[in-house]
Amino acid sequence: MINTKIYKAVYELAEKLMKAADKEDREAFDALYAQLEAICTENENTDKDHPEQWETLADFTEELDEALAVYEKAFEKAVAVNSKDHMSSIAFSMAKLQVELGQTDAAISNLKNAQATANKIEDGELKDEIDELLGKLTTG
């Protein structure tokens with residue numbers, strides 16, 4: 001379970017990051033991103049470390065290769081705490097990036113992982129999205 005104080009801080013930063021992105025306010029976006037990154041770094045390898053903060057950081061990381069690396073870190077943390085919800089959503093996000101990067105085999109592998117862990121979650125919409133993208137990639 002993510003620390004409530006950290007969850008609120010991450011959620012508020014995510015909202016502000018979205019607003020800054022919508023307004024194309026680069027200065028605000030960069031400052032907010034730095035705050036989110038600092039939260040992740042400060043909590044890393046402590047009892048407050050949680051995949052959700054890393055997944056959120058990856059969501060706002062603009063360079064695709066860098067975002068993929070942050071998602072991988074988030075995925076490892078989700079596996080460590082056995083969070084099927086996070087494992088599914090992170091693997092799906094990684095697969096979408098891998099499709100953009102032309103890494104189809106890696107995307108299919110992540111989608112299969114996401115599909116396996118999604119069997120244990122309640123988010124039907126996510127399950128459908130995983131199945132749809134996997135079907136698209138495997139049937140050509």
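## Salt-bridge network

In this predicted model, salt bridges join E44, D49, K73 and K77 into a network.

The threshold for the buried class is under 20% relative accessible area.

## Salt bridges around R26

Across the whole structure, a search returns five salt bridges. R26 takes part in one with D30, where the closest N and O atoms are 2.8 Å apart. Both residues lie in helix α2 (residues 26–43), and their spacing of four residues corresponds to about one turn of the helix. R26 is partly exposed, with a relative accessibility of 42%, and D30 is likewise classed as partly exposed, at 37%.

R26 also forms a salt bridge with E62, again with the closest N and O atoms 2.8 Å apart. E62 is located in the loop between α3 and α4 (64–80) and R26 in helix α2, so this pair ties together parts that are 36 residues apart in sequence. E62 is partly exposed, with a relative accessible area of 47%.

## A buried glutamine

Which residues does Q53 contact beyond its neighbours within four places in sequence? They are I6, V10, L36, I39, C40, N43 and K48. Q53 itself sits in helix α3 (residues 51–59) and is buried, its relative accessible area being 0%.

## Overall architecture

The protein chain contains seven helices and zero strands, giving the sequence pattern α-α-α-α-α-α-α. Its radius of gyration is 15 Å, close to the 14 Å given by the globule rule for 140 residues, so the chain is as compact as a globular protein of that length. The C-alpha trace spans about 45 × 35 × 25 Å along its principal axes.

Of the 140 residues, 41% are buried. Among contacts in the chain with a separation of 6 or more, 50% involve residues 24 or more positions apart.

## Surface and charge

The accessible surface of the protein chain amounts to about 8,300 Å², with 47% belonging to carbon and sulfur atoms. The chain carries 15 positive and 31 negative side chains, and the centres of these two sets are 5 Å apart.

Conventions: Residues numbered from 1 in each chain as written. Predicted model: local features only at pLDDT ≥ 70, side-chain atom pairs only at ≥ 80, totals over all residues. Heavy atoms only, no water. Helix = DSSP H or I, 4+ residues; strand = E, 2+ residues; numbered from the N terminus. Rg over C-alpha atoms; globule rule 2.2 N^0.38 Å. Buried < 20%, exposed > 50% of the residue type's maximum accessible area, 1.4 Å probe, protein only. Contact = heavy atoms within 4.5 Å. Areas by Shrake-Rupley, 256 points an atom, 1.4 Å probe, with all protein chains shown as cover. Lys, Arg positive; Asp, Glu negative; His and termini not counted. Charge placed at Lys NZ, Arg CZ, Asp CG, Glu CD. Salt bridge = Lys/Arg side-chain N within 4 Å of Asp/Glu carboxyl O.
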